[in-house]
Amino acid sequence: MTWQELFDEIKNGYLGGAYLFHGPEEYIKKSAMDKIREAILPAGLEILNETVMDAPNARQLIESAETLPVMAEKRLIVIKDTPLLTGAKAKDEQDENEKLEKWLSNGAPDTAVIIFYVRGDADKRKKLYKTLEKHAKVVSFQYLTDPEISKWIQSRLKPKKKTMKPDAVATLLFYAGRDLTRLSGEVDKLAAYVGEAATIEEKDVKTAVTPSAESNVFLMIDSLVASKAKTAYEILNAMLDAGESPVTILAMLIRQLRLMTHVRLLRDENLSLPEIEKKTKLTNFVAKKVYGQTNKLSAKRLEEGYRAGVQMDFDVKSGKIRERAALDRMMLMLIEISQ
């Protein structure tokens, strides 16, 4: 089930039984929880009809779900981040799974809405996940597509009587990422920043929004490819001053080299930009940037750089070289590759 289908159920009053909420988009996941609370919990009686449980055992969960609501049609039971659905090992996992499978197969009580709430993705290898696929509604909260995010941004700006230009939206996604929790704050900040202006432009985004670590790495590579090593080092030092660890930056640079190598190889196979975008599953904006970064670089040199970077990462983790020294070597290697 998609989150859009879930919101339709909430709107039409079809809520009931057990659900699994999981996926990376936490903002919409939280919004769904708020809508469900609003739909089934009578005002003033919320505390009597909602139970939030952190990793309960099967007996506790079942007892809570089978407790009758107080002056309401349904109770809300929320089970947060149970190890039965995450990578962690649960106590008596096999026995707990068997109890829950037996209970859920008989049908959850119609006097409760039971939500297994997982931050991020649930572990699909877990037995409880497979049980919920059979006997519950699994709702996957995935990041919005570019058109969906653009529509969401414009709808958030509409009450403020403002709009955002398409190139500004693309730059905002590049700077801030796709997480709606951060984007909501950035959109509000931009609306305040432009004051009486009715339109938010790309220059406003570049001035008011602080780039994420990932976008800073893109900007560093852009600078190096353009033979602007000084600018690249300024970005690097700003990241370090902001608290980013050298090993994290090193890992992001290695990832970027891998991505550039992949794109360059696809270009050498004469694939078009839209084909590369589809093959790599990159957004259009990011695909264009990586495509541009590989204009003057050969796949051979990029692959050699990527393999050297992987070796540096291994040497850091095995204690053969210090983190900052490895990062400095990586920067020098990137300068060589770009020349």
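**Notebook: salt bridges, sheet, cores and rings**

Entry: I started at Lys206, which is partly exposed, with a relative accessible area of 48%. The model I am looking at is a predicted one. Which residue does the Lys206 side chain meet in a salt bridge? I found Glu202, with N to O at 3.9 Å. The definition asks for a nitrogen within 4 Å of a carboxyl oxygen, so this pair counts at 3.9 Å. Both residues sit in helix α10 (residues 202–208), 4 residues apart, or about one turn of the helix. I looked up Glu202 as well: its relative accessible area is 24%, so I noted it as partly exposed.

**Entry: other salt bridges.** I ran the search over the whole structure and got 26 salt bridges. I picked out a few to look at.

In helix α4 (residues 58–65), Arg59 and Glu63 are 4 residues apart, about one turn of the helix. Their side chains meet in a salt bridge of 3.3 Å, N to O. Glu63 has 46% relative accessibility and counts as partly exposed. Arg59, with a relative accessible area of 48%, is also partly exposed.

Next I went to helix α9 (residues 180–193), where Arg182 and Glu186 lie 4 residues apart, again about one turn of the helix. The closest N and O atoms of this salt bridge are 3.2 Å apart. Is Glu186 buried or exposed? It is buried, with a relative accessible area of 8%. Arg182, on the other hand, counts as partly exposed at 26% relative accessibility.

Entry: I traced an open sheet of 5 strands, and the pairing is parallel. In what order do the strands come? I read β2-β3-β4-β1-β5. The edges are β2 (50–54) and β5 (137–140), each of which pairs on one side only. On average, neighbouring strands of the sheet are turned by 20 degrees against each other, direction ignored.

I then followed β1 (residues 17–22) to β5: the two run parallel and 4 bridges join them. Within that pairing, Phe21 has Val139 in β5 as its bridge partner. Helix α6 (residues 127–135) packs on this sheet and touches β1, β4 (112–117) and β5. I noted about 110 degrees between the direction of α6 and that of β5.

**Entry: nonpolar cores.** Which residues touch the most other members of the largest nonpolar core? They are Phe21, Leu172 and Leu253, out of 81 residues in that core. Helix α13 (residues 246–268) gives the most to this core, with 10 residues. Apart from it I found another core, of 25 residues, with Leu100, Phe116, Ala122 and Tyr129 among them.

I wanted to see what surrounds Leu172. Not counting residues up to four places away in sequence, its contacts include Ile153, Met164, Leu183 and Val209.

**Entry: helix α8.** How many residues of α8 (residues 166–176) are buried? I have 8 of 11, so I wrote the helix down as mostly covered. Leu172 is one of the buried ones, and the others include Ala168, Val169 and Thr171. After α8 comes Gly177, with a positive phi near 85 degrees.

**Entry: aromatic rings.** My search of the whole structure turned up 8 aromatic pairs. In one of them, Tyr27 and Trp152 are edge-to-face, 5.8 Å centre to centre and with 80 degrees between the planes. Where in the chain do Tyr27 and Trp152 lie? Tyr27 is in helix α2 (residues 26–40) and Trp152 in helix α7 (residues 146–157), 125 residues apart, and the pair links these distant parts of the chain. I checked their cover: Tyr27 is partly exposed at 24%, whereas Trp152 is buried at 16%.

Phe174 and Tyr175 make a tilted pair, 5.9 Å centre to centre with 50 degrees between the planes. Both Phe174 and Tyr175 are buried. Last, I noted one aromatic cluster of Tyr19, Phe21, Tyr117 and Phe141. Phe21 was already in my notes as the bridge partner of Val139.

Technical notes. Residues numbered from 1 in each chain as written. Predicted model: local features only at pLDDT ≥ 70, side-chain atom pairs only at ≥ 80, totals over all residues. Heavy atoms only, no water. Pairing = 2+ DSSP bridges. Axes fitted to C-alpha atoms, helices over the stretch in contact; angles between N-to-C directions. Contact = heavy atoms within 4.5 Å. Buried < 20%, exposed > 50% of the residue type's maximum accessible area, 1.4 Å probe, protein only. Core = buried A, V, L, I, M, F, W, Y, C linked by side-chain atoms within 4.5 Å. Phe/Tyr/Trp six-rings, centres within 6.5 Å; stacked < 30°, edge-to-face > 60°.
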